[in-house]
Amino acid sequence: MVTTWIRVAATRVMAALIAACVLLSIGCGGNGEGDSILVFAAASMSNVLVGVGQEFENESGVEVVFSYGGSNALARQVELGAPADAVIFAGNGPLDQLEASGNIVAGSRLDLLRNRLVVIGDAGSFPLAHIRDLASTEGRIALADPVLAPAGLYAKQALEMSGLWEGLGSRVIPTLDVRAAVGAVDTGNAAFGLVYATDAANSSGVTVVFEVPEELHDPIIYPAAVVKGGSGTDLAVEFLEFLVSDGAIAVFMRHGFVSASE
Amino acid sequence: MSSDLTIVLLSLRVAAVAMLIALPIGFGLSWLLVRKQLRGRFLIEAVVSLPLALPPVVIGYGLLILLGSRGPFDGLAFTTFAASLASAIVALPLIVRTFVVALEGVDPRLELAARSLGAGPWRVLMTVTIPLAYRGLLAGVLIGSVRALSEFGATIVVAGNIPGRTQTVPLGIFTRIQAGDDQAAVRLVVVSIALAVATLIVHDLLLRRGGLSGRRHRAGFGA
């Protein structure tokens, strides 16, 4: 009765598979829910926050988990109930929105950093004398989608102010966030990108070809705040205090950010 | 950036919970569809199959409305459970379709015979129905798991992309591609391919061994 034997075996295999599912679902991950906070942060901070978060963990024993993305997209997630304890955005717009919808702990908001906008090209690109020179170049221009990330909004403002936005139309590639715009230039999928100076400095495959004058766009401010209703509100307050400490500011400055208090 | 191991373990966990949700529901639905002359049969089939036909992002959005802060199940969006739920819903149609075929291959007279000999419904299920339909059932479990492991569109909408909580292998790959970190992306791609190949091999192995005799399930009568 070979077939019977196989059937019994197969039924056991199935039972084992399901048991494995049960074990996996209980066992794996083991989210040491002890002391950890979740911070939603602008994509442009992904390089610098790794180190800052580690330093905070060393000092306080609290693990900081970061979820990066376009600030507007992150703000929308928080509005819909994402369990973030704190947010750091690349512009005031998304935070204003969260404040208006009552998701921010009153008085916790602070201006953390400032940044600059630059035009990048691939490693061998020549510098541009003016942003208008982009019009005489060829190839795609990557920038964060203005609807999803402030970096895109600043880039669009700069292109509009210099009368380029309409003309460049079909050459512009909107990406999910600013890191993706850098990635597009780095991998050769776009010839130029409008990104933050800090992102350009962190990527070896791209060169800055033009520094965009600050009067062409809104000031680039990085505000931070504690989210209401999170499980780690007190720890998030502590983390924000740490972010404005001299040690943390020094790390930010090493990565090319400017302290907002300057 | 989250470590490869964290991402893979989380992916397995999300898929496992998804299967724990989808398998009992899938089995119940297929059993109803095969064994009961339901009036709304077509309707149930259509609703169950819908996730197969819809873009996953639509499923994600629907879940986001239900689980988000303005929905009836506030507090569940952007959690590991939300990722599992998204995977479960997307895997359900594949499970039900495979299970239906498997159960259709079991002669109801055998179940009746077992009942007439005094076996209760649970015993009939465990000793007659499931052993006779095992090939199709296994196929359903494996196909469902593969689909759950590869879920992306619905997950990123309802669960976001939070390392250690909702960033599964496909989302991890996406994040790394976006950031232009090709090396890290390729590592997860390799894991992804390995997981898929492993499942397909298991699938093939179990089914082929069962198929050696070349008999249909029905032939289980006295063979």
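Two residues are in contact here if their C-beta atoms, placed from the backbone, lie within 7 Å. The structure is a predicted model, in which local features need pLDDT of at least 70 and side-chain atom pairs count only at pLDDT 80 or more, while totals for chains, interfaces and linings use all residues. Residues are numbered from 1 along each chain as its sequence is written, and chains are lettered from A and ligands numbered from 1 in the order in which they are written.

**Sheet and helix H7 of chain A**

- Helices (H or I, at least four residues) and strands (E, at least two) are DSSP runs, numbered from the N terminus, and helix H7 (residues 178-186) of chain A lies across E5, strand E6 (141-144), E7, E8 and E9 of chain A.
- The direction of H7 of chain A is at about 145 degrees to E8(A), where axes are lines fitted to C-alpha atoms, for helices over the stretch in contact, and angles run from 0 to 180 degrees between N-to-C directions.
- The five strands form an open sheet with mixed pairing in the order E7-E6-E8-E5-E9 (chain A), two strands being paired if DSSP finds at least two bridges between them.
- Because strand E7 (172-175) and strand E9 (206-211) of chain A stand at the edges with a single partner strand each, one side of each is left without a neighbour in the sheet.
- On average, and with direction ignored, neighbouring strands of this sheet are turned by 35 degrees against each other.
- Strand E5 (residues 117-122) and strand E8 (residues 192-196) of chain A run antiparallel and are joined by five bridges; A:Val119 has A:Leu194 in E8(A) as its bridge partner.

**Domains of chain A**

- Chain A is divided into domain 1 (36-114 + 221-259) and domain 2 (117-216), with bounds that come from an automatic or database domain assignment.
- The C-alpha centres of these two domains of chain A lie 25 Å apart, and 15 residues of domain 1 are in contact with 18 residues of domain 2.
- On the side of domain 1 that touches domain 2, helix H2 (46-60) and H3 of chain A are the elements that give two or more residues, and H3(A) gives the most, with three residues.

**Interface between chains A and B**

- In this interface, 35 residues of chain A are in contact with 38 residues of chain B.
- Helix H1 (2-27), strand E2 (63-69), helix H3 (71-79) and H7 of chain A each supply at least two residues of the side that touches chain B, to which H1(A) gives the most, with 15 residues.
- The residues on this side of chain A divide into 20 nonpolar, eleven polar and four charged, where Ala, Val, Leu, Ile, Met, Phe, Trp, Tyr, Cys and Pro count as nonpolar, Asp, Glu, Lys and Arg as charged, and the others, Gly among them, as polar.
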